Amino acid sequence: MNAHPSQPASLPIPTSLAEITASWLTRALAAGGVLPGATVTRYTPESIAEGKGFTNRVFRLHLEYQRPNPGLPASLLVKLPATDPLMLPLFRLLGPNLREVNFYRNLSRDCALQTPVCYFGQADPATGNSALLLEDLGSARQGDSVAGCSLDEARQIARRLAAFHAQWWDSPLLDGLVWLPPRDDEALAYQELHEPSWRSLTEKTGRLLPPGLRQLGDSMPDLFGRVKSMLAESPRTIVHGDFRLDNFYYPADAASPAPLVLDWEYCGIGRGVFDLATFVCEAFPPAQRRREEWGLLTEYHSALTASGITGYSLNQCWNDYRLSLLDVFALWIVGGAFCDYSGERATTFLSNTLQRLDAAISDLRPLSLL
């Protein structure tokens with residue numbers, strides 16, 4: 001269920017778990033308007049981000065109320081920005097936490113993609129502080145970028161993604177979303193972030209990094225402006241920005257197989273098929289991707305057409321898909337450089353993604369489009 005929280009100017013933004021009190025939670029839930037009359041008396045925190053590759057601090061709060069009733073959530077998630085000094089330039093230049101709060105506050109209620117309930121969201125652009133209180137999806141099945149998904153699931157995801165993109169397709173309302181950057185507005189930030197991020201990523205990946213990606217990564221600063229400029233041209237829509245299986249949750253009791261989509265930190269304005277390229281490239285091993293990606297692209301394009309989108313040819317969609325692979329790699333450099341990949345699952349995920357992205361770039365030759 002999508003929801004639209006409010007933001008009271010008088011409520012301070014906590015910068016740590018210690019600053020989240022029962023009183024603050026009570027006021028935040030009341031301000032959000034989703035849980036009126038709920039009085040929190042205490043909570044028990046649980047960290048769910050450690051060792052899992054998160055770039056933010058994420059905690060599950062087990063809540064106790066003055067007057068418990070079945071309509072109140074037994075737990076919720078709180079999301080605060082990272083405090084790792086190495087991550088601060090990313091948050092300063094790209095503001096992923098500010099984007100996500102604004103998405104939930106301004107767009108999630110009418111979003112064609114289902115999202116978790118947001119009980120409260122607040123952000124301060126001046127300080128970079130933010131806080132989100134989100135529905136706890138602990139009972140839902142999380143998508144798995146390592147295990148992948150079935151072709152039928154992928155087709156359904158492609159169709160739902162197209163419906164979301166069609167909702168904002170070249171809309172005049174996009175220009176009013178001043179907090180949501182067009183792709184080309186990110187180019188200078190990516191150039192500034194590249195050197196330390198690329199150094200960190202190459203050190204962490206070591207032999208896992210394919211030679212082709214290593215060579216391409218060295219030259220990416222010369223490509224950011226051209227790639228992002230091309231992906232920011234009309235027709236534009238809202239892109240999720242990190243549309244992959246790990247960010248999908250399937251409710252256990254849902255009648256529909258549609259996932260709830262999380263992690264809107266890299267949402268922006270540009271060519272929508274970037275999201276499809278992110279998803280397909282990561283979800284399937286190279287041999288399966290080669291067999292299925294054209295069919296998934298035509299599924300996506302047909303769904304756009306069925307939603308009333310015209311003037312966007314299948315050939316243009318295919319070329320945008322190919323070009324998007326370079327921007328997917330760019331996001332991996334600046335967004336994935338400082339994640340923790342020490343666990344077995346994280347190492348497998350990292351290795352898979354690098355190998356799959358390298359194969360896709362080699363197969364589809366996006367550099368030729370420049």
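Let's start with the core. The largest nonpolar core here has 97 residues. By nonpolar core I mean buried Ala, Val, Leu, Ile, Met, Phe, Trp, Tyr and Cys residues joined through side-chain atoms within 4.5 Å. Buried means under 20% relative accessible area, exposed over 50%, and partly exposed in between, with a 1.4 Å probe and protein chains only. Trp264, Leu276, Phe279, Tyr300, Tyr321 and Phe329 have the most contacts inside this core. Its largest share, 13 residues, comes from helix 10, residues 314-336. Helices (H or I, at least four residues) and strands (E, at least two) are DSSP runs, numbered from the N terminus.

A word on the model. This is a predicted model: local features need pLDDT of at least 70, side-chain atom pairs count only at pLDDT 80 or more, and totals for chains, interfaces and linings use all residues. Residues are numbered from 1 along each chain as its sequence is written, and side-chain values use heavy atoms, with hydrogens and water left out.

Back to Phe279. What does Phe279 touch, leaving aside neighbours within four places in sequence? Cys149, Ala154, Ile157, Phe243, Leu245 and Phe248. Contact means heavy atoms within 4.5 Å.

Next, Gln142. It is found in strand 6, residues 141-142. Gln142 counts as partly exposed because its relative accessibility is 39%. Leaving aside neighbours within four places in sequence, Gln142 is in contact with Asp246, Phe248 and Tyr249. Gln142 and Asp246 are 104 residues apart along the chain, yet their C-alpha atoms are separated by 6.6 Å. A polar atom of the Gln142 side chain lies 2.8 Å from the backbone oxygen of Asp246. The side chains of Gln142 and Tyr249 make a polar contact of 3.4 Å. A polar contact is a pair of N or O atoms within 3.5 Å; within protein, one must be able to donate a hydrogen and the other to accept it, and residues adjacent in sequence count only if both atoms are side-chain atoms.

Five strands form an open sheet in the order 1-2-3-5-4, with antiparallel pairing. Two strands pair if DSSP finds at least two bridges between them. Strand 1 (40-47) and strand 4 (118-124) are the edges, each pairing on one side only. Strand 3 (residues 75-80) and strand 5 (residues 129-135) pair over four bridges. Lys79 has Leu132 of strand 5 as its bridge partner.
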